[in-house]
Amino acid sequence: MLGLLTSNYLINVGFLAWISAQVAKTILHYLVTGRWVSERMFGAGGMPSSHSALVCSITIGMVRKMGFDSPEFALALTLAAVVMYDAMGVRRAAGEHAKVINKLMFGFQFLDLTRLAQEDEEEEQKLIDPEQEKLKEFLGHTPFEVLGGALLGILIAMIVPVK
C-alpha cells in the first residue's frame, strides 16, 4: 500500500512541499517568538503557507508530467488559484474575527465580577464561561505568506525528478 502511494510523483511532491512548509513554519515561529509551539507543525496560518506550497507543487508537477495544454494542468491551476485566494480572503478574515472575539470574550476577566455576581449571578455566567477556549487565530495568510508557500511549492516540484 505504501509503495503505491510513494510511486505517485504528484503525491510525493505535494506531501514534500506540505511537510517542508510546516517544518519551516514551526522553525520560523520559534525564531521570531522564542517559543516552541508544536501546534504550528500541524496548524493553519503562518509563514510559509503550506496550502499554497501543496497546490503549487502539484500544479507545477502536473505541468512537468502532462504539459501546459493538458486538462489536468488547467484543473490543478484553477484549484491552486482558489485555495490561495481563500487563504488570503475568507480564512484570513475568520482569523481576524477570532482575534476580536477573543479580546471581547476574555477581556471581561478584568472586570469586577464580584460586583456583577452580587447583582445577578446568572448574568455573570453569561459573560464568562470558564470552560470557553479561545478561538484559533492562525487561520489564514497574508499575501506574503501565500507567496512564500507558492515559491516553496514551485521550487520543490522543480527539484524532485519526474517519474
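The expected span of a helix is 1.5 Å times one less than its number of residues. I apply this to a predicted model.

**Entry 1: helix H3**

I started with H3, which has 17 residues and should therefore span 24 Å at 1.5 Å a residue. I looked up its end C-alpha atoms, and they are 24 Å apart, in agreement with that figure.

I then listed the buried residues of H3: Ser50, Ser52, Ala53, Val55, Cys56, Ser57, Thr59, Ile60, Gly61, Met62 and Val63. What lies over them? The cover of the buried residues in H3 includes H2, H4 and H8.

Within H3 I picked out serine 57. Its relative accessible area is 0%, so serine 57 is buried, the cut-off being under 20%. With neighbours within four places in sequence set aside, serine 57 is in contact with Val13, Gly14, Ala17, Gly153 and Ala157.

**Entry 2: the ends of H3**

I checked the N-terminal end of H3 and found a cap there, serine 49. A side-chain oxygen of serine 49 lies 3.5 Å from the backbone nitrogen of histidine 51.

I also looked at the loop between H2 and H3, where proline 48 lies. The peptide bond from methionine 47 to proline 48 is cis, with omega near -5°. After H3 comes glycine 67, and its phi is positive, near 95°. For background, I note that most residues other than glycine have a negative phi, and that most peptide bonds are trans.

**Entry 3: helix H8**

I repeated the span check on H8, residues 143-159. Its 17 residues should span 24 Å at 1.5 Å a residue, and the end C-alpha atoms are 24 Å apart, so the two agree.

The buried residues I found in H8 are Glu145, Val146, Gly148, Gly149, Ala150, Gly153, Ile156 and Ala157. Among the elements that cover them are H2, helix H3 (50-66) and helix H4 (71-88).

I took valine 146, in helix H8, for a separate look. Valine 146 counts as buried because its relative accessibility is 5%, and the limit is under 20%. Leaving aside neighbours within four places in sequence, I find valine 146 in contact with Ser49, Ser52, Met84, Ala87, Met88 and His141. I also looked up the separation of valine 146 and glycine 46, which are 100 residues apart along the chain; their C-alpha atoms are separated by 9.1 Å.

**Entry 4: H2 against H8**

How do H2 and H8 cross? Their axes come within 9 Å and cross at roughly 135°. I noted the crossing as right-handed.

Next I listed the residues at this meeting. From H2 they are Tyr9, Val13, Leu16, Ala17, Ser20 and Ala21, and from H8 they are Leu152, Gly153, Ile156 and Ala157. Residues three or four places apart in an α-helix point the same way because there are 3.6 residues a turn.

**Entry 5: glutamine 22**

Is glutamine 22 buried or exposed? Its relative accessible area is 1%, so glutamine 22 is buried. The side chain of glutamine 22 makes a polar contact of 3.0 Å with the side chain of lysine 25. Not counting residues up to four places away in sequence, I find that glutamine 22 touches Arg40, Met41, Phe42, Gly43 and Ser50. Ser50 is also on my list of buried residues in H3.

Note on methods. Residues are numbered from 1 along each chain as its sequence is written. This is a predicted model: local features need pLDDT of at least 70, side-chain atom pairs count only at pLDDT 80 or more; totals for chains, interfaces and linings use all residues. Side-chain values use heavy atoms; hydrogens and water are left out. Buried means under 20% relative accessible area, exposed over 50%, partly exposed in between (1.4 Å probe, protein chains only). A polar contact is a pair of N or O atoms within 3.5 Å; within protein, one must be able to donate a hydrogen and the other to accept it, and residues adjacent in sequence count only if both atoms are side-chain atoms. Contact means heavy atoms within 4.5 Å. Helices (H or I, at least four residues) and strands (E, at least two) are DSSP runs, numbered from the N terminus. Axes are lines fitted to C-alpha atoms, for helices over the stretch in contact, and angles run from 0 to 180 degrees between N-to-C directions. A crossing is left-handed if the near helix is turned anticlockwise from the far one by less than a right angle, and right-handed if clockwise.
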